[in-house]
Each structure stands twice: as structure tokens, then as C-alpha cells.
Amino acid sequence: MLTEKLYMAMNEQMMLEFASSNLYKSMASWCESKGFKGSAHFLNAHAKEEMEHMEKLFGYINKTGNRAILGTLEAPKAEFGTLREVFEQTFKHEQLITKQIFALADLSLELKDFSTFSFLQWYTAEQHEEEALFHEIIEKFDIIGEQGKGLFMIDKEIGNLLRKH
Ligand SMILES: [Fe+2]
Ligand SMILES: [Fe+2]
């Protein structure tokens, strides 16, 4: 059984992963409507990954004798200015998630819940990878440049970035 405080925090994290999935799905839709097919492909795939993160937490919470509760989600942002802005926001979002995961790991240690601490290691490693990935995308905007065929090239590169897990 998780302590009440950790249970609430884990459930909140589960909902945050759900919200991440919706945000990336919304971004994918925006990208597709603007003709950025590579980015739409990438973000759709990433939305699926976030749902897997949600499922993993859902499973863990229920396996520990608690019950995952699906709360209300706010509608994700739907309008974006530029493709660069989309990816700047994904990077910022991942940084926020990392902060939340660290806080959860911290709380589990404080409560001496070593099983949950161990479970969360997967998420800390995953966040490390995701931050690096999204940072790499932002660098592409600087390296390739957005003039002329630049945006087209960047979009193509993003489409080719899909990771296999
Ligand atoms: Fe995630
Ligand atoms: Fe993520």
C-alpha cells in the first residue's frame, strides 16, 4: 500500500502523463494542418509514448493496493505560432515533468518507500533521454536555420528522429 501522500502524488503524475499525451497529440494536429508532416509523425508517436507512461503508473498504483483515479483534464493548448515554438514548449514541458519525477522520488525516499523509489528510476532515466531528445530538436533550428528550405529540412529531420524503445 502506498501512503496517502505518495498515492495522491503518484496519481497526479499519472494524470500529468495523460495530459502530456494530449498536449503532444494537439501539437501533432497543429503540425499536420501546417504541412509539417515529419513533426506530426514524431509528435503522434510521442503522444503514444506518454500514454504508455500513464499506463505504467496506472498499473503500479493498482498493484500496490490503491486505485488509480482518472480525474479531469484541461483541454491542451491548440494554437501555436511557429514550429520552433511548438518544440520550445515540448522541451519546457519535459523539464517540468522531470522536476515532478524528482519530487516524487524525493518523497518516496523521505517515506522510505524503496519499492516506489526503485519503480521511479525508470522514469528518471526516461526523462533524461527525453530532455536530450527535445534539446537536440531545438538545436536543429539553430544549426539548419529557418530560412528558405530550412523549415522543410528541419521537419524532415524531426520525422527521422523517432526512437525505438
Ligand atoms: Fe512521460
Ligand atoms: Fe515525455
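Predicted model: local features only at pLDDT ≥ 70, side-chain atom pairs only at ≥ 80, totals over all residues.

Mentor: The chain holds 5 helices and 0 strands, in the order α-α-α-α-α along the sequence. Its C-alpha trace spans about 55 × 30 × 25 Å along the principal axes.

Trainee: How do you know that Glu-17 counts as buried or exposed?

Mentor: Buried means under 20% relative accessible area. Glu-17 has 0% relative accessibility, and therefore counts as buried. Glu-50 is buried as well. Over the protein chain, buried residues make up 45% of the 165 residues.

Trainee: Why can the pair Glu-17 and Glu-50 be said to tie together parts of the chain?

Mentor: Glu-17 lies in helix H1 (residues 4-33) and Glu-50 in helix H2 (residues 37-63), so the pair ties together parts that are 33 residues apart in sequence.

Trainee: Which residue bridges the iron ion (ligand 1) and the iron ion (ligand 2)?

Mentor: Glu-50 bridges the two ions, which lie 3.3 Å apart.

Trainee: Which residues does Glu-17 touch, not counting residues up to four places away in sequence?

Mentor: Glu-17 touches Glu-50, His-53, Met-54, Leu-57, Ile-97, Ile-101 and Tyr-123. To be counted as a contact, heavy atoms must be within 4.5 Å.

Trainee: What makes Asn-11 count as buried, at 11% relative accessibility?

Mentor: The value of 11% is set against the limit of under 20%, so Asn-11 counts as buried. Asn-11 is found in helix H1. Leaving aside neighbours within four places in sequence, Asn-11 is in contact with Ile-61, Arg-67, Ala-68 and Ile-69. Asn-11 and Ile-69 are 58 residues apart in sequence, and their C-alpha atoms are 6.8 Å apart in space.

Trainee: How do you know that the reach of helix H3 is close to the expected one?

Mentor: The expected span is 1.5 Å times one less than the number of residues. Helix H3 (residues 83-110) has 28 residues, for which 40 Å is expected. From its first C-alpha to its last, H3 reaches 41 Å, close to that expectation.

Trainee: What follows just after H3?

Mentor: Just after H3, Lys-112 takes a positive phi of about 55°, although Lys-112 is not a glycine. Lys-112 is found in the loop between H3 and helix H4 (114-144).

Trainee: Why is Lys-112 called exposed, at 61% relative accessibility?

Mentor: Exposed means over 50%. Lys-112 stands at 61% and therefore counts as exposed.

Trainee: How many positive and negative side chains does the protein chain have?

Mentor: There are 18 positive and 26 negative side chains, and the centres of the two sets lie 4 Å apart. The accessible surface comes to about 9100 Å², of which 56% belongs to carbon and sulfur atoms.

How values were computed
Residues numbered from 1 in each chain as written. Chains lettered and ligands numbered in written order. Heavy atoms only, no water. Donors = N, O, S within 2.8 Å, 3.2 Å for Na, K, Ca; no water. Helix = DSSP H or I, 4+ residues; strand = E, 2+ residues; numbered from the N terminus. Buried < 20%, exposed > 50% of the residue type's maximum accessible area, 1.4 Å probe, protein only. Areas by Shrake-Rupley, 256 points an atom, 1.4 Å probe, with all protein chains shown as cover. Lys, Arg positive; Asp, Glu negative; His and termini not counted. Charge placed at Lys NZ, Arg CZ, Asp CG, Glu CD.
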